[in-house]
Amino acid sequence: MSFSLNPADFVHLAPVLFLTVWACLVLLASAIGGGHGRHYGLLAILGLILSGLGVALSWVQHVQPATDLFAGMMVVDRFALFLDMIFIIAGILTALVADAYLEEHRFTEGEFFALLLLSISGMMMMVHAGDLVMFVIGLETMSLAIYALVASWPGQRRSAEAGFKYFLMGAVASAFLLYGIALLYGVTGTTNLAKLAGVINGKAGEPLVLVGMFMILGAMGFKVALVPFHMWTPDAYEGAPTPVTGFMAAAVKAAGFGALLRLVAGLFSADAWTFGSTGWINIFWVLSVLTMTIGNISALRQNNVKRMLAYSSIAHAGYLLIGVVVVGLDPSQMGAVLFYVVAYAVTTLGAFAVVAWIGSRDVERTTLEDWYGVAKHHPAVALAMMLFLFSLGGLPPTAGFFAKFYLFKAALSFDSPQMLTLVLIAIANSVVSMYYYLRPIVAMYFREGASAPKPLTSFSVYWVLGITSALVLILGMAPDATLAWAAQALMGG
Amino acid sequence: MLTSYLPLLVLLIVAVGLVGVFTILASLLGPSRPTPEKDIPYESGLDPASSPKIHFNMQFYRIALLFLVFDIEAAFFYPWAVLYRDLSCKGQVIGGACHGGATAFGILVMAVFLTILILALTYVWRKRALEWD
Amino acid sequence: MDLLSQKTPLSQRRPFISSLMATIALLVPWLATSVAWATPQAAAAAKTAPAFNGALWTFYIFGALTIAGALLTITRRNPVTAALWLVFTLFATAGVYLSLHATFMAAIQVLVYAGAIMVLFMFVVMMVGNTERQEFGIMRGLFSKVVALGAIALLGWRLISLLMRQAPAKAAMVSDGYGSVHSMGGVLFREYLFPFEAISVLLLVAIVGAVVISRRSTEEKEEV
């Protein structure tokens, strides 16, 4: 087998490679320099901005996707670049929140930021993967870094427990993923996504492929917390340091859905695997209904805002599955799904930033009682939180409204009774969800607190709240530009 | 091909068989008169002072985990060492001699891998993760 | 401290025998069905195939040993015994690899899994320390158990009925040196070069993660 290393491949993948190297440098600097985490946060943000510039440049260049980098291992197309941008923005916002949060809760170590960067480069490898082997390595790099971040709160049992639970569930999911990949390899003799898609196209109904497909898709269901596989989510989200929770809800979910979309639209896109009694589209239809309904109903009972937002993230995974079903029916509707991912990522980052903001000195104030009277003392933050909660619920004039609007519009464009039912269930769910999104608002505006909240005072959190609320409003009032970008984010190969 | 592993199989069977036979023989031939004293863990003839079930220091775990990761890295060195001659040759390797000029590819492949490994080692070293406090 | 009462009386070692019997009882149908599946097609193939296929039987034997070891691992109550059965399982898996001509994988399996990973297992078993058995009783969480069993049965039935439709793959002769260090390295350092380098990043994350989660809090350090 001839093999040659093409120097141009490095240029194509420069943003990913740069971020990985930068992450290593941040780690080295924190190991040698020691001291407080603060400088490393700024260093991480600088690296993310530079990598983001590279991604933007690639976006302009890559109208045509490059699909065979490093012997077909990596792919650069606008779909992956669009997701890269989401990870980078989520990373910058998380680093800003973490900067204030870590100082308050006395994490002094710089490797927090190195792990954050490494997890982002794992996500990038995952969505750029042109080969299942690369896909697994990216997924594992991301996951391992996130497990460590979840458990990184020194001396906090809840954090360790959350990391442990997440790790255990993630390890089981990885085992399923690898077994599924092994079965596909066994049938086809290749792990390259494009070649695989070609081979299994001609093997309609092959049982081993079917089993492999469901193992892989089930494993991704674990990663994005779809309902039968969602049990770890509330505990992991609640126990993790809040900036990490926000990052998980925004970036990890975006990466998981990005990978899922690439698998269903790239690998299992043939009719034989999509439709029929053993096709994935039926299963995702059912999972979508289950995920949003159970997510929302469980959220109704929560008095803990962080836990409530965790269940809300499950419900949103259910809405996003509508998008996966839509893409299965018509891959050109990808834009609506990606727009939803962006809107949800920005909103949830803002909401978790508020949760991070309100606690101080080893105490996270996450119950509704803790939120009493916030509006009186901090009207701007209360307003921002109201905005985020409206956006999560899907009310205008916020990002969440247009996200749901475009998604439902895409779903209804097929004129099929199944999609109509799905959208009606989703709308009913949105109405129900408003109840629990309103509860923190009531607590902040209409209840008197026993004592004034003592939130984080660092300015970087206010930056994040400002940026995210601005983005939520921009996406909610002028969504056209982002939607146009999302519509151009097509897959190659 | 696989027949070259036959001695390994024979070794396995002999080892398992020998142990099995002796264990069965011992249980058949040996007298069995259990007394409570015989069930006490042996501690040089003294009565055990405390339960042997104690919590080990976290350090053990950390060292074991680090050992494991470096062990996995070492596994990647075997094929590299075997293939080094091929990887460092532009043309064909025939009879152990390279025809067609040398290339740095072979060394670079492992250099990149090793750099990151050394970075990890530096990190572990600087964080005093290998020290016993 | 009454240590005498802690020692497991010999009479309580009976469960070992019964689980061994249970394992065999589970294995027999597995072997029987695996033979049965092969029968229609195998009958035709048997006329041309050699009478005794050593590699195939090696695979069956080590496969059966692997499953037996795995079942014994998850049914042991004592974590140390379970860990030792896991070693057995891992060795048997190495045998499976060997029968599939994956010689390098077999060697790595013994080195890394049966060697390094088991050391870690033993550390964790020791560190967790408390190996007192906890009795849950059969009735506890009965509903979940029934649901889980039902789900497993359904899934297993679907899986078996699916695989029954699968025509057995035609055996192919592998080329000389297939699965050796040399041939595997040839692929690893050429086509899979990028994943190979990416693995070093993955291992870096693993190392950093291990150090981060095993770190004590600042307060604890001060106490020591």
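## A tour of chains A, B and C

Start by selecting residues 66-69 and residues 74-76 of chain A: these are strands β1(A) and β2(A), which pair in the antiparallel sense over two bridges. Strands pair here if DSSP finds at least two bridges between them. Helices (H or I, at least four residues) and strands (E, at least two) are DSSP runs, numbered from the N terminus.

This is a predicted model, in which local features need pLDDT of at least 70 and side-chain atom pairs count only at pLDDT 80 or more, while totals for chains, interfaces and linings use all residues. Residues are numbered from 1 along each chain as its sequence is written, and chains are lettered from A and ligands numbered from 1 in the order in which they are written.

**Chain A: the hairpin**

Stay on the strand pair and pick L69(A), which stands opposite M74(A) in β2(A). Four residues lie between β1(A) and β2(A), which form a hairpin. Select F70(A) in the turn: its phi is positive, about 50 degrees.

Now colour by pLDDT, the predictor's confidence in each residue, from 0 to 100. The average for chain A is 90, and 98% of its residues score at least 70. Within chain A, β1(A) has the lowest confidence, at a mean of 81, and helix α6 (residues 132-150) the highest, at 95.

**Chain A: K195**

Next, go to helix α8 (residues 193-201) of chain A, where K195(A) lies. Is K195(A) exposed, partly exposed or buried? K195(A) counts as partly exposed because it has 15 C-beta neighbours inside 10 Å. The cut-offs are 20 or more other C-beta atoms within 10 Å of a residue's own for buried, 12 or fewer for exposed, and partly exposed in between, with C-beta atoms placed from the backbone. Draw a C-alpha to C-alpha distance from K195(A) to D131(A): 9.2 Å in space, for 64 residues in sequence.

**Chain B: confidence**

Switch to chain B with the pLDDT colouring still on. Chain B averages 83, with 94% of the residues at 70 or above. Its strand β1 (residues 92-94) has the lowest confidence, at a mean of 76, and its helix α4 (residues 105-126) has the highest, at 90.

**Chain C: overview and the side facing B**

Select chain C, which has eight helices and zero strands. Of its 224 residues, 22% are buried. Of its contacts with a separation of 6 or more, 66% are between residues 24 or more positions apart; a contact requires C-beta atoms, placed from the backbone, within 7 Å.

Show chain B alongside: 44 residues of chain C are in contact with 45 residues of chain B. On the chain C side, α4 (103-128), α6 (181-188) and α7 (193-213) each supply at least two residues. α4(C) gives the most, with 12 residues. By class, this side has 32 nonpolar, nine polar and three charged residues. Nonpolar means Ala, Val, Leu, Ile, Met, Phe, Trp, Tyr, Cys and Pro; charged means Asp, Glu, Lys and Arg; the others, Gly among them, are polar.

**Chain C: helix α4**

Finish on α4(C). Its 26 residues should span 38 Å at 1.5 Å a residue, and the end C-alpha atoms are 36 Å apart, which agrees; the expected span is 1.5 Å times one less than the number of residues. At M118(C) the helix bends by about 30 degrees, the angle between axes fitted to the seven residues ending there and the seven starting there.

Which residues of α4(C) are buried? They are T103(C), F104(C), A106(C), I108(C), Q109(C) and A116(C). These buried residues pack against α2 (58-75) and α3 (77-87) of chain B, together with α3 (79-99) and α6 of chain C.

Methods. Two residues are in contact if their C-beta atoms, placed from the backbone, lie within 7 Å.
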